[in-house]
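Thanks for making the time today.

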Amino acid sequence: MSNVHQTQEVSLSRRSALFNSVGAAAAAVAIPLTAMAGSAEAASVKNAGPVAHTVSTITTRDGVEIYYKDWGPRTGQPVVLSHGWPLNADSWESAAFHLANNGFRVITHDRRGHGRSSQPWDGNDMDHYADDLAQLIETLDLKNIILAGFSTGGGEVARYVGRHGTKRVAKLGLISAVPPLMLKTATNPGGLPIEVFDGIRAASVANRAQLYLDLASGPFYGFNRAGAKPSQGLINSWYAQGMQAGHKNTYDSIKAFSETDFRDDLKKFDKPTLVIHGDDDQIVPIDAAGKASAALIKGSKLIVYPGAPHGLTDTHKEKFNADFLAFAKS
């Protein structure tokens with residue numbers, strides 16, 4: 001128990017230290033969690049009429065336009081990939097390109113409020129994210145899906161399973177993902193304190209552009225580690241994707257990815273599941289996330305990338321693409 005406790009404390013210290021670069025003044029700003037949170041009830045998502053769609057968008061039942069990409073042969077097994085905060089479908093392009101070139105049909109979408117999708121004031125929560133994903137899958141009539149999510153996208157995938165089941169799913173993937181629960185609570189003592197997420201909210205309001213630059217150029221890709229060789233291209237791409245997302249949407253999403261409890265959702269995973277996580281993830285520490293998720297999902301396979309940061313789909317893309325392709329083909 002002492003070793004576990006020490007590991008959790010190390011993870012906490014790494015994660016808390018992450019936001020020091022944002023500025024102590026911003027982190028100290030007290031912003032109530034409900035100050036800007038959306039008020040719409042998730043149950044309303046399933047109401048109203050049919051879902052409209054074009055070759056690159058669907059319009060959900062609550063009127064939100066969701067942009068998506070559909071790559072690879074239409075006859076290939078579908079792979080649906082859900083992105084992290086505050087990014088969009090472009091963050092998956094390396095893996096999507098690799099999978100499509102190997103015969104899979106790959107669908108990536110911009111979450112509501114992110115990328116090229118519309119920016120609703122309300123509904124920026126995991127229930128709406130999961131229902132949007134379900135409507136995309138149903139509209140395209142996808143079956144036998146390999147469904148995977150990165151970071152916040154892993155939460156979206158987990159909540160999709162919790163709300164919609166796995167009848168259309170063949171396999172599942174959680175990559176540097178936020179489940180089971182990021183926030184420290186009485187029943188989740190290994191989580192991160194609320195002050196960490198209050199600091200992100202404060203920094204987002206104080207100077208969202210600077211926050212995103214600091215994250216991309218530092219802990220997200222591990223560029224703040226000794227001996228790291230930062231890629232200005234990756235930094236620029238991350239920043240551009242983040243700034244394309246809505247301010248209110250990304251603000252609300254902090255609560256969604258940090259406070260949503262996915263433990264019951266993970267218990268409903270009944271398909272082969274691959275969990276990949278870096279053991280130097282400064283954004284979503286592995287002990288409270290990847291390892292904890294793998295422990296909750298029966299029969300899951302955990303692959304730990306030694307020294308890998310949160311953004312391992314780019315920093316370790318050759319290994320990740322090979323591992324994920326092998327899983328998809330298995």
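Let me begin with leucine 211, which is buried at a relative accessible area of 1%, where buried means under 20% relative accessible area, exposed means over 50%, and partly exposed is what lies in between, with a 1.4 Å probe and protein chains only. Leucine 211 sits in helix α6, and here helices are DSSP runs of H or I with at least four residues, strands are runs of E with at least two, and both are numbered from the N terminus. Its C-alpha atom is separated by 9.4 Å from that of tyrosine 239, which is 28 residues apart from leucine 211 along the chain.

A word on provenance before I continue: this is a predicted model, in which local features need pLDDT of at least 70 and side-chain atom pairs count only at pLDDT 80 or more, while totals for chains, interfaces and linings use all residues. Residues are numbered from 1 along each chain as its sequence is written, and side-chain values use heavy atoms, with hydrogens and water left out.

For the overall picture, the protein chain has 12 helices and 9 strands, and buried residues make up 56% of its 330 residues. If we take contact to mean heavy atoms within 4.5 Å, then among contacts between residues at least 6 apart in sequence, 78% join residues at least 24 apart.

From C-alpha to C-alpha, threonine 250 and leucine 87 are 9.4 Å apart in space, although 163 residues apart in sequence.

Now to the helices. Helix α5 has 13 residues and reaches 18 Å from its first C-alpha to its last, close to the 18 Å expected at 1.5 Å a residue, the expected span being 1.5 Å times one less than the number of residues. Because 11 of the 13 residues of α5 are buried, this helix is largely enclosed by the rest of the structure; among the buried ones are Val157, Ala158, Arg159 and Tyr160. After α5 comes glycine 165, whose phi is positive, near 75°.

Two packed helices are described by the angle between their axes and the distance between the axes. Helix α4 (residues 126–139) and helix α5 (residues 152–164) pack at an angle of about 75°, with their axes 8 Å apart, where axes are lines fitted to C-alpha atoms over the stretch in contact and angles run from 0 to 180 degrees between N-to-C directions. That makes α4 roughly perpendicular to α5, a label that covers 65 to 115 degrees. On the α4 side the contact includes Met126, Leu133 and Ile137, and on the α5 side it includes Thr152, Arg159 and Tyr160.

Helix α3 (residues 93–101) has Ser94, Ala95, Ala96, Leu99 and Ala100 buried, and what covers these includes β3, β4, β5 and α12. Just after α3, glycine 103 also takes a positive phi, of about 95°. In α12 itself, the buried residues include Phe320, Phe324 and Phe327.

Finally, the salt bridges, each defined as a side-chain nitrogen of Lys or Arg within 4 Å of a carboxyl oxygen of Asp or Glu; by this rule the count comes to 22. One of them joins arginine 225 and aspartate 280 at 2.8 Å, N to O. Arginine 225 lies in the loop between α6 and α7 and aspartate 280 in the loop between β8 and α10, so the pair ties together parts that are 55 residues apart in sequence.

Within helix α8, lysine 248 and aspartate 252 are 4 residues apart, separated by about one helical turn; their side chains meet in a salt bridge at 2.6 Å, N to O, and both residues are buried. Salt bridges that share partners also join Asp127, Asp131, Arg159, Arg163 and Asp265 into one network.

Technical notes:
Angles under 35 degrees count as roughly parallel, over 145 as roughly antiparallel, 65 to 115 as roughly perpendicular and the rest as oblique.
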